[in-house]
Amino acid sequence: MDYISTRGEAPALGFRDALLAGLARDGGLYLPRHWPQLSKRDIRNLRGKSYAEVAFEILKHFVDGEIPDDKLKTMINEAYATFRHPAVVPLVQTGPNDFVLELFHGTTLAFKDVAMQLLARLMDHVLAERGERATIVGATSGDTGGAAIDAFAGRDRTDIFILFPEGKVSPVQQRQMTSSTASNVHAVALKGNFDDCQNIVKEMFNDVAFRDRVKLSGVNSINWARIMAQVVYYFTAAVSLGGPDRKVSFTVPTGNFGDIFAGYVAKKMGLPIDRLVIATNDNDILARTLKTGRYEMQGVMATTSPSMDIQISSNFERLLFEAYGRDPSAVRSSMASLKQSGAFEIKPEALKAIKREFRAGRATQEQVAETIRETLEATGYLLDPHTATGVFVAQKNARPGSPMVTLATAHPAKFPAAVKSACGIDPALPSWLADLMHREERFDTLDAELKAVETFIGDHARAN
Ligand SMILES: Cc1ncc(COP(=O)(O)O)c(C=O)c1O
Ligand SMILES: N[C@@H](CCOP(=O)(O)O)C(=O)O
């Protein structure tokens, strides 16, 4: 299996090189050349297996022998042993056909832990094998940063730099990023929004001299290994609801389009998924795009689900590549237009292909608060604002009599102010994080400018 870039002008790479590369050298995102196929029988055989066992059965197709099976299994086992629930990602029933897939039992209470705990181990393994070091950079709207810092803290072969938008993440998210005592961790508040952080990360990758000097690597969902790890829970959830002999729908609170793209990948691999529903908050660029065929930035608004306050949804590029029949020139011209004018049009055939696979809806902040309140009253279940965005949109898109799973992407205690104002409950952090808000903070603040960030990283990275 090799990996090709959505922009078609970078060399195809094997799994390990794609893992370390993050973004392709032509600015594109890596994807497997073809989708591995699982038959219905293969999928039935996943029944009764543990999460780690299923992960191995899925991920081996993407790793394709580049890491020996026994080593891959060990990494998977260690990654999922960090989760505080025996099922790793338990499925909770909240209505006759309504389910919530709890992805927040990892160390930082967000779905990002599922991929990040494995990614750190995979990178460490490949770097050790090659006797190399790397400089990891990541942009975060709040959750990726904490998960990455937790997963990479103290690892000898990497220094990690996380850029977060100053004042735009929740206090719990900020403290998770800024209270690490590990010397290889650098949390950096940028004077800008998440899109500024993400743009700077991508510009750094496109600055080839800098990229090579510090041996840059990325842990955002631009990195294929992030997506691949997230494919697994679509299989475990569907299988536990009768898949592949019954179709299951999923609604996914969406920002950077990584999590829902993983659902699309599961479907392409043969998992019978009925509806795949994109749920956005007031920053509804994806819902608008599906309706109008025009991807158009309109400025970001701060909401109660800050991790989804995103306009430039980086994995949408992977979907465009697919929708245009894997034609990289169509992706290049869409991305050039986005850069130049903040918008691009999707051709009718490609839009039709997208609409065949996805539905979309949005929840306003009021609807999110109402959903938290109503779900609590009706079922006793407490949602975080991101998951509530999903539940609201799921209710509008469920097919009667057919199971609908909403991905619960964060624990409510990460967003106590929003949860309290919606329903009066102040959700407590789990015991192992009880002292989090009293831990000392350590971070730097920089202007949202490429040069300032490159200078900072150049001064602190040990891979120079
Ligand atoms: C809690 C939470 N929910 C949903 C999302 C959206 O996920 P994605 O960016 O993969 O679409 C994010 C971050 O991106 C998140 O942190
Ligand atoms: N919501 C994310 C934004 C970055 O997304 P990623 O999946 O591309 O890492 C966050 O919490 O940081």
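**Entry 1: the parallel sheet**

I began with the open sheet of 5 strands, which runs in the order S8-S5-S6-S7-S15 and is paired in the parallel sense. I noted at the outset that I am reading a predicted model. At the edges of this sheet I found strand S8 (216-218) and strand S15 (444-447), each of which pairs on one side only. From one strand to the next I read a twist that averages 30 degrees.

I then looked at one pair inside the sheet, strand S6 (residues 158-165) and strand S7 (residues 185-191), and found 6 bridges between them, with parallel pairing. As a landmark for a reader who wants to find this pair, I wrote down that Ile162 stands opposite Ala187 in S7.

Next I asked myself which strands helix H6 touches as it packs on the sheet. Helix H6 (residues 143-152) touches strand S5 (134-139), S6 and S7, and its direction makes about 165 degrees with that of S6. Helix H8 (residues 194-206) also packs on this sheet, where it touches S5, S6, S7 and S8, and the direction of H8 makes about 150 degrees with that of S5.

**Entry 2: H8 and its helix partner**

I stayed with H8 and turned to helix H19 (residues 450-460), and I found that the axes of the two helices come within 10 Å and cross at roughly 65 degrees. Because of this angle, I recorded H8 and H19 as roughly perpendicular to each other. The crossing of H8 and H19 is right-handed. On the H8 side the contact is made by Ile200, Glu203 and Met204, and on the H19 side by Leu450, Val453 and Glu454. When I sorted the residues of this contact by class, I had 4 nonpolar, no polar and 2 charged.

**Entry 3: the mixed sheet**

I moved on to another open sheet, this one of 6 strands in the order S3-S4-S14-S9-S10-S13, with mixed pairing. Strand S3 (91-95) and strand S13 (358-362) stand at the edges with a single partner strand each, so one side of each is left without a neighbour in the sheet. The twist here averages 25 degrees from one strand to the next.

**Entry 4: H16 against H18**

I looked up a further helix pair, helix H16 (residues 365-379) and helix H18 (residues 416-423), whose axes come within 8 Å and cross at roughly 65 degrees. The residues of the contact divide into 6 nonpolar, 1 polar and 1 charged.

**Entry 5: the two ligands**

I asked which residues are the closest to ligand 1. Of the 15 residues that surround ligand 1, the closest are Asp143, Asn256, Gly258, Ser307 and Thr409. By class, the shell around ligand 1 holds 5 nonpolar, 8 polar and 2 charged residues.

Around ligand 2 I found 13 residues, and the closest of these are Thr140, Asp143, Thr144, Asn220 and Ser221. I also wondered which element gives the largest share of the shell around ligand 2, and I found that H6 does, with 3 residues. The shell around ligand 2 has no nonpolar residues, while 12 are polar and 1 is charged. Going back over my notes, I saw that Asp143 is listed among the closest residues for ligand 1 and again for ligand 2.

**Entry 6: two backbone details**

The peptide bond from Gly243 to Pro244 is cis, with omega near 5 degrees, and I placed Pro244 in the loop between helix H10 (224-240) and S9. For Val88 I noted phi near 65 degrees, which is a positive value in a residue other than glycine. Val88 has its place in the loop between helix H4 (69-81) and S3.

Conventions:
Residues are numbered from 1 along each chain as its sequence is written. Chains are lettered from A and ligands numbered from 1 in the order in which they are written. This is a predicted model: local features need pLDDT of at least 70, side-chain atom pairs count only at pLDDT 80 or more; totals for chains, interfaces and linings use all residues. A residue is near a molecule or strand if its C-beta atom, placed from the backbone, lies within 6 Å of it. Ala, Val, Leu, Ile, Met, Phe, Trp, Tyr, Cys and Pro count as nonpolar, Asp, Glu, Lys and Arg as charged, and the others, Gly among them, as polar. Axes are lines fitted to C-alpha atoms, for helices over the stretch in contact, and angles run from 0 to 180 degrees between N-to-C directions. Helices (H or I, at least four residues) and strands (E, at least two) are DSSP runs, numbered from the N terminus. Two strands pair if DSSP finds at least two bridges between them. Two residues are in contact if their C-beta atoms, placed from the backbone, lie within 7 Å. Angles under 35 degrees count as roughly parallel, over 145 as roughly antiparallel, 65 to 115 as roughly perpendicular and the rest as oblique. A crossing is left-handed if the near helix is turned anticlockwise from the far one by less than a right angle, and right-handed if clockwise.
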